[in-house]
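Trainee: Could you take me through this model, one feature at a time, and tell me how each is to be read?

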Amino acid sequence: TYHLHIIISLYFKQTFQIMKQIYFIRHAKSDWSNPQLNDHERPLNKRGMKDAPLMAEIMQKSGISPDAIFSSTAKRAFTTAEIFFRYFPKAHLVAVPELYHANEITLQDFITYTDNKYNTIFIIAHNPGLNFFCSFYPEFSLPNIPTTGVIGIEADIDNWTDFNIKKSRIILEDYPKKHK
């Protein structure tokens, strides 16, 4: 029975490997009308307030369902996250200071330290870090991730610590102007 248990365990591991998914979301369009506000405090503008629910609804209708939504603490990013959270209320919503203007190394580190109980995560952050991170993928086709743009990445891994570009691929490139 011991050997049978090992064979069954190996079968299930090969047959039902859990794929990890990341959806990078650039914050929605921010408001620049008040020059007195520091960068961290800029809110969303009218277009941003329309684009964020549009993209959240599109993702919801496509069957994407995050276990967690991690967001930069910048007001424009966290407001975007709160809008997405309305469409995905079962997700765990977390403000992460390190995601504010995170570069590709910080993003990679954040991913590899993500709790394995989360299989699908949203990371709401900023350019140029998101754009630079995604530019390492040969299939990345956007010259610049637009505001509220979504880049989905699927990884052939069971543990986030194993995440790397060689074990993952872009599965989605979407943004509001595609739907207008």
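**Reading burial, helices and sheet**

Mentor: S71 has 0% relative accessibility and therefore counts as buried, a label given under 20% relative accessible area, with exposed meaning over 50% and partly exposed lying in between (1.4 Å probe, protein chains only). This is a predicted model, in which local features need pLDDT of at least 70 and side-chain atom pairs count only at pLDDT 80 or more, while totals for chains, interfaces and linings use all residues. Residues are numbered from 1 along each chain as its sequence is written, and side-chain values use heavy atoms, with hydrogens and water left out.

Trainee: Where does S71 lie, and with which residues is S71 in contact, leaving aside its neighbours within four places in sequence?

Mentor: S71 belongs to strand β2, strands being DSSP runs of E with at least two residues and helices runs of H or I with at least four, numbered from the N terminus. Contact requires heavy atoms within 4.5 Å, and beyond those sequence neighbours S71 touches A77, F78, A81, V94, A95, V96, L99 and I124.

Trainee: How should I describe two packed helices, and at what angle do the axes of α2 and α3 cross?

Mentor: Two packed helices are described by the distance between their axes and the angle between them. Here the axes of α2 and α3 come within 9 Å and cross at roughly 40 degrees, where axes are lines fitted to C-alpha atoms, for helices over the stretch in contact, and angles run from 0 to 180 degrees between N-to-C directions. On the α2 side the contact is made by M49, A52, P53, M55, A56, E57, M59 and Q60, and on the α3 side by T79, T80, I83, F84 and Y87.

Trainee: Which residues of α3 are buried, and what do they pack against?

Mentor: The buried residues of α3 are R76, A77, T79, T80, A81, I83 and F84, and they pack against β1 (20-26), α2 (46-61), β2 (68-71), β3 (92-95) and β4 (120-125).

Trainee: What is the order of the strands in the sheet?

Mentor: Two strands pair if DSSP finds at least two bridges between them, and the six strands form an open sheet in the order β3-β2-β4-β1-β5-β6, with mixed pairing. Because β3 and β6 (168-174) each have a single partner strand, they stand at the edges, and one side of each is left without a neighbour in the sheet. Strand β5 (residues 150-155) pairs with β6 in the antiparallel sense over six bridges, and I153 stands opposite I170 in β6.
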